[in-house]
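Thanks for coming, everyone. Let me put the model on the screen and walk you through it.

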Amino acid sequence: MGAHGAPPGTQGFPLGHHFDDPAQQTESSTFGMWVFLATEVLFFGGLFTAYAVYRSAYPHAFAEASRHLDVTLGTINTAVLIGSSLTMAMAVHAAQVGRRAGQVGYLLMTLALGSVFLAIKGVEYAHKHHEHLIPGPGFRFEGPEAPHAQIFFALYFMMTGMHALHMVIGLGLLGVLAARARMGRFTAVYNSPIEITGLYWHFVDIVWIFLFPLLYLIGLHA
Amino acid sequence: MNGERVPTPGRHYINIAYGVKSWLLTTDHKRIALLYLATVTLFFFLGGAFAVLIRLELITPPGDMVQSETYNKFFTMHGVIMVFFFLIPSIPAVLGNFLVPMMVGARDLAFPRLNLLSWYVFVIGGAFTLTAVVSGGVDTGWTFYTPYSSTYSNTHVIATALGVFITGFSSILTGLNFIVTIHKMRAPGLTWFRLPLFIWSLYATSLIIILGTPVVAITILLVGAERLFHIGIFDPRLGGDPLLFQHLFWFYSHPAVYIMILPGMGVVSELISCFSRKRVFGYRFVAFSSVAIAALGFLVWGHHMFVSGQSVYAGMIFSLLSFLVAIPSAIKVFNWTATLYRGSIHYDTPMLYAFGFIGLFTIGGLTGLFLATLAVDVHVHDTYFIVAHFHYIMVGGMVMAYMGGLHFWWPKMTGCTYPEGWAKLSALIIFVGFNLTFFPQFILGYLGMPRRYHAYPEEFQVLNVMSSAGASILGVGYLIPMVYFLWSLKYGKAAAANPWGATGLEWQTPSPPPQENFEETPVVVSEAYNYSSPALSGPART
């Protein structure tokens with residue numbers, strides 16, 4: 001027990017002692033990530049519920065507050081993030097065909113694009129700080145609906161902040177993966193870490209695809 | 001226990017390595033189960049200590065032992081510790097951790113390191129909450145209702161809530177691990193409908209954990225943000241809606257009730273079948289009723305808000321949906337009873353707990369129907385009737401099942417035999433103490449005594465004294481097993497591989513099991529609970 005001879009063709013696969021074969025281990029990892037993403041959907045779901053409740057209660061305040069967001073930067077960031085999903089998909093592909101240079105290159109590109117996204121987000125946050133739009137005692141907003149606009153910004157910061165936190169975690173994962181890819185850890189038979197990080201990255205991307213219109217675009221045609 | 005002597009194997013998971021490091025860095029699911037056992041036992045007695053303080057105060061009508069503020073902290077800490085640090089982790093993280101891989105014939109859970117991480121996350125969350133206890137406590141009630149928790153309370157809400165938040169991730173990791181293990185790690189021949197019902201119940205529990213817990217996590221973050229920055233999310237003065245908190249909170253916390261009771265139902269299915277030497281009546285109905293409870297459990301949260309200003313139409317729908325939960329619950333009770341019918345019943349300790357479970361869960365469940373009825377709920381809402389109802393489910397149901405399971409699998413987990421006479425005595429003491437504690441509370445609540453007050457009118461004293469007396473009996477009942485379990489580790493007889501003559505893969509390996517659970521991967525060729533097999537002899541009469 002314990003010593004499982006590696007089946008032919010799977011040499012170099014770091015098989016856990018409790019798995020029977022590489023296929024079982026790979027399927028478990030992938031399935032585990034999907035289950036985790038289900039958890040994540042519900043995590044963000046709580047925020048989306050709060051958003052839906054308050055937006056339907058205060059539609060005008062939300063539209064008015066939304067106009068204080070920078071649509072240009074938001075659009076650029078959307079493009080950056082979609083681009084990073086493309087490079088992530090390319091990294092997964094490079095891993096599946098076992099091309100080491102491709103893995104490292106695409107992982108680093110994804111990491112770079114993710115960093116650009118966070119940098120732009122940081123610029124936006126700084127603007128909000130200057131405009132006194134951060135909820136709390138320092139919040140300033142013209143008009144009678146100021147408290148309701150504050151709720152909008154509270155949700156804006158919670159939602160984009162949670163999203164940014166997921167990005168930061170993703171960047172950390174990408175950094176580790178790039179270093180390990182450079183050492184040649186991932187091959188055509190063993191690449192599930194890259195694949196499941198890809199799943200995570202696409203999920204974080206999709207969250208933004210919902211956040212962008214709900215936060216930035218609702219005031220455009222009011 | 002029967003006389004079959006199985007020589008203890010030279011090497012098993014406990015003696016394979018020694019030293020603190022071999023425990024704190026282990027990734028063996030069986031060792032992690034024991035780490036959890038020690039931790040949740042600590043929390044159980046700590047939560048119990050607060051219950052003692054509550055019952056002491058309530059012996060006399062005036063609030064003469066502590067101030068009302070202190071009393072608020074007592075019941076809050078009792079609730080927080082018992083719900084989040086004992087009831088939710090107890091069966092899944094202790095018995096589930098130990099048994100899920102063994103019952104599916106695997107060498108470990110799918111993600112052993114995540115499993116260890118979950119224990120550390122649990123301990124860190126517990127440390128935050130204990131810090132709050134030591135530095136002055138928290139007084140919001142375990143429900144953290146806004147705007148009291150977010151605006152007015154001057155106690156350690158943030159530290160406690162953060163502890164609960166962190167601990168949630170430990171349950172998520174455990175639930176995720178179980179789901180993947182049950183899907184991907186089953187032994188050859190172990191189809192879904194050959195799985196033990198304990199596995200089905202933990203599968204349903206895990207679904208609730210991974211889908212519900214993240215919602216309470218984000219809710220707690222919102223309360224924290226509201227409290228720190230006054231952003232208005234839950235503050236009506238700023239346009240926020242306190243009721244939204246209740247919706248989000250109960251979206252998790254009502255299903256959490258099923259996180260607490262479903263694993264207990266799984267244990268009881270195992271016990272009833274083994275000690276009546278029969279297959280479980282209507283296996284598929286019992287299996288699917290677990291999943292049905294998990295699914296319906298997500299649709300009934302509004303019954304906590306019948307008097308909170310929720311629309312009356314929403315109330316009617318939630319009332320109806322709450323009644324529906326009774327159907328799968330009743331299927332289980334009827335099927336267990338039908339399993340007993342013409343069974344060859346053995347009254348060993350685990351079975352006594354299973355009997356206790358069925359009776360007490362039935363009372364707890366039926367009084368739940370009173371509460372699902374809108375008009376009756378208006379009368380008994382926030383009274384001791386509610387307190388009695390959920391303690392019948394949580395303590396009468398869940399803790400009974402946990403104790404039954406612990407006795408049943410103790411020989412497997414430790415390789416030691418506990419003293420049957422003492423165990424039967426304490427099971428009886430617990431049953432008597434429990435009913436004396438909580439049955440008077442139904443009457444108190446029906447007569448109108450509200451929960452969460454430290455003083456009460458004099459006409460309620462007799463029933464309160466009965467309840468406090470029962471609590472002291474119950475406390476003794478819980479201390480005795482603590483003593484004899486520890487005693488058995490040193491002086492208990494060595495346990496056989498299958499002392500109960502039970503089916504299930506976990507009994508086909510030595511007690512305690514070797515590090516990788518099985519000498520060789522088992523192959524399953526028949527359904528679960530095949531008690532008609534001549535290869536099995538039942539537990540010897542004691």
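Start with the largest nonpolar core, which has 220 residues. By nonpolar core I mean a set of buried Ala, Val, Leu, Ile, Met, Phe, Trp, Tyr and Cys residues joined through C-beta atoms within 7 Å. Buried means 20 or more other C-beta atoms within 10 Å of the residue's own, with C-beta atoms placed from the backbone. Two members touch the most others: L155(A) and I199(B). The most residues come from helix α3 of chain B, 68–103, which gives 22. Helices here are DSSP runs of H or I, at least four residues, numbered from the N terminus.

This is a predicted model: local features need pLDDT of at least 70, side-chain atom pairs count only at pLDDT 80 or more, and totals for chains, interfaces and linings use all residues. Residues are numbered from 1 along each chain as its sequence is written, and chains are lettered from A and ligands numbered from 1 in the order written.

Back to I199(B). Leaving out residues up to four places away in sequence, I199(B) touches V100(B), M103(B), V104(B) and I182(B). Contact means C-beta atoms, placed from the backbone, within 7 Å.

Now α3(B) again. How does α3(B) pack with α8(B), residues 242–276? The angle is about 40°, and the axes are 8 Å apart. Axes are lines fitted to C-alpha atoms over the stretch in contact, and angles run from 0 to 180 degrees between N-to-C directions. The crossing is left-handed; that is, the near helix is turned anticlockwise from the far one by less than a right angle. On the α3(B) side, the contact includes L87(B), I88(B) and I91(B). On the α8(B) side, A256(B), I259(B) and M260(B) are among them. The contact has 10 nonpolar, 2 polar and no charged residues. Ala, Val, Leu, Ile, Met, Phe, Trp, Tyr, Cys and Pro count as nonpolar, Asp, Glu, Lys and Arg as charged, the others, Gly among them, as polar.

Next pair: α2(B), residues 29–57, and α4(B), residues 112–134. Their axes come within 10 Å and cross at roughly 15°. These two are therefore roughly parallel, the word for angles under 35 degrees. This crossing is left-handed too. Y36(B) and F43(B) are among the α2(B) residues here, and W119(B) and F122(B) among those of α4(B). By class: 9 nonpolar, 4 polar, no charged.

Last, where the chains meet. Chain A brings 31 residues and chain B 35. On the chain A side, α1(A) gives the most, 18 residues. That side has 16 nonpolar, 13 polar and 2 charged residues.

Methods: Parallel < 35°, antiparallel > 145°, perpendicular 65-115°, else oblique. Contact = placed C-beta atoms within 7 Å. Buried ≥ 20, exposed ≤ 12 C-beta atoms within 10 Å, placed from the backbone.
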